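Please read them alongside the coordinates.

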Amino acid sequence: MKWFFVLFLAIIIFGGAAWFGYNFVFKEDIQVAKEQRGETTPEPRIDLTLPEYEAAAKLRQEGNLPEARAALAAFVQKYPTSPHAEEAKDLLGEINIDIFLSRTPSPEKEEYIVKPGDVLQRVAHKTKSTPELIMRMNNLSGTMLHIGERLLISHPDFSVAVQRKPKLLVLLNHGGFFKQYHVAEEKLPTKAPAKVVTKVAEVMAWKDGKRVGFGTKEFIGSTRWIRLGSQAYTIYSVPDAAHPALSQPPPPQGIGLAAADVEELSSLVNRQTAVTITD
């Protein structure tokens, strides 16, 4: 009878140890190995950053643009690896543009009063802006200015960073993130260098196969390109929901963005805008 009790006790002790070892030591390793082999679906992880992202997005929905911008900028800096980091950057870029291309007052804008002899091109040169940017920022329907007219002027210092592998074109202002655009297609040389440093050479507008100039009636609704100093690179328009058919076929080589994005980007850059292209 004594030997039976000893055997029973041994079973309890060693069986308990085996159960503990399997559940707390080996089970997790076995589960990880199965996930790595694709034999099982990993359990979803709780996203602790979601409430902060949703709170920032709600500020934008409520029209609180400056507060939304500050909240999203803080979110991106605080959670760079969050599942919502790219969404936050997209939304932050939209808000930056909403504020920038409007008469909404902000610290980076100043007022300019039109003086005798001022024309749009001269004001743009004097204030280191672009004619189209001044028009869009002040909701001007034409290039004519009137003495005493009050214009909001911004002094951005834009640069462009094209990242080929993530298919992103990032617009920086004074070195900080401003907006990102998603590359729709690229047609680049097979032996393209890993890094290209260049700048904007000119903004081009096409209508019915012909180049058209800023301020002409043909400029409205034209297809925009941004030609870079390096001949192999042109940022060109591809059809999107707002532009299902374009008047100009794409160039042999370049980087394609949605037509609405190129139209917007072309109003922000000038011939001094630095561009860096990396893998």
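This is a predicted model: local features need pLDDT of at least 70, side-chain atom pairs count only at pLDDT 80 or more; totals for chains, interfaces and linings use all residues.

1. Of its 279 residues, 39% count as buried. The accessible surface comes to about 16800 Å², and carbon and sulfur atoms hold 59% of that area. Among the contacts with a separation of 6 or more, 58% are between residues 24 or more positions apart.

2. Is Thr 234 buried or exposed? Thr 234 is buried because its relative accessible area is 9%, and the cut-off for that class is under 20%. Once its neighbours within four places in sequence are left aside, Thr 234 is in contact with Trp 225, Ile 226 and Arg 227, and also with Pro 251, Gln 253, Gly 254 and Ile 255.

3. Arg 224 deserves a careful look, since several kinds of contact can be listed for it. The residue belongs to strand E9, residues 223-228, and with a relative accessibility of 3% it counts as buried. Its side chain makes a polar contact of 3.1 Å with the side chain of Glu 132, while another polar contact, of 3.0 Å, joins the side chains of Arg 224 and Ser 222. The charged end of Arg 224 sits over the ring of Phe 219, at 3.9 Å from the ring centre. If residues up to four places away in sequence are not counted, Arg 224 touches Glu 132, Met 204, Ala 205, Phe 219, Tyr 236, Ser 237, Val 262, Glu 263 and Ser 266.

4. A charge over a ring is also found at Arg 211, whose charged end sits over the ring of Trp 206, 5.8 Å from the centre of that ring. The cut-off applied to this distance is within 6 Å.

5. Turning to the aromatic residues, the count of aromatic pairs comes to seven. One of them is formed by Tyr 53 and Phe 75, a tilted pair with 5.9 Å centre to centre and 50° between the planes. Because Tyr 53 lies in helix H2 (residues 50-61) and Phe 75 in helix H3 (residues 65-78), the pair ties together parts that are 22 residues apart in sequence. Tyr 53 counts as buried at 12% relative accessibility, and Phe 75 likewise counts as buried at 2%.

6. Phe 100 and Phe 158 also form an aromatic pair, this one edge-to-face, with 5.7 Å centre to centre and 75° between the planes. Phe 100 lies in helix H4 (residues 85-100) and Phe 158 in strand E3 (residues 158-163), so this pair ties together parts that are 58 residues apart in sequence. Phe 100 is buried, at a relative accessible area of 1%, and Phe 158 counts as buried at 6% relative accessibility. Returning to the pair in the previous point, Tyr 53 and Phe 75 form one aromatic cluster with Tyr 79.

7. The last point concerns strand E12, residues 274-278, which has a covered face made of Val 275 and Ile 277 and an uncovered face made of Ala 274, Thr 276 and Thr 278. In which sense does E12 pair with E3, and over how many bridges? The pairing of E3 and E12 is parallel and runs over five bridges, with Val 160 standing opposite Val 275 in E12. Strand E7 (residues 195-207) pairs with E12 in the antiparallel sense, over five bridges, and there the bridge partner of Lys 195 is Thr 278.

Key: Residues are numbered from 1 along each chain as its sequence is written. Side-chain values use heavy atoms; hydrogens and water are left out. Helices (H or I, at least four residues) and strands (E, at least two) are DSSP runs, numbered from the N terminus. Buried means under 20% relative accessible area, exposed over 50%, partly exposed in between (1.4 Å probe, protein chains only). A polar contact is a pair of N or O atoms within 3.5 Å; within protein, one must be able to donate a hydrogen and the other to accept it, and residues adjacent in sequence count only if both atoms are side-chain atoms. Contact means heavy atoms within 4.5 Å. Accessible areas come from the Shrake-Rupley method with a 1.4 Å probe; for residues, only the protein chains shown count as cover. Rings of Phe, Tyr and Trp (its six-membered ring) pair if their centres lie within 6.5 Å; planes under 30 degrees apart count as stacked, over 60 as edge-to-face and the rest as tilted. A charge sits over a ring if NZ of Lys or CZ of Arg is within 6 Å of the ring centre and within 35 degrees of the ring normal. Two strands pair if DSSP finds at least two bridges between them.
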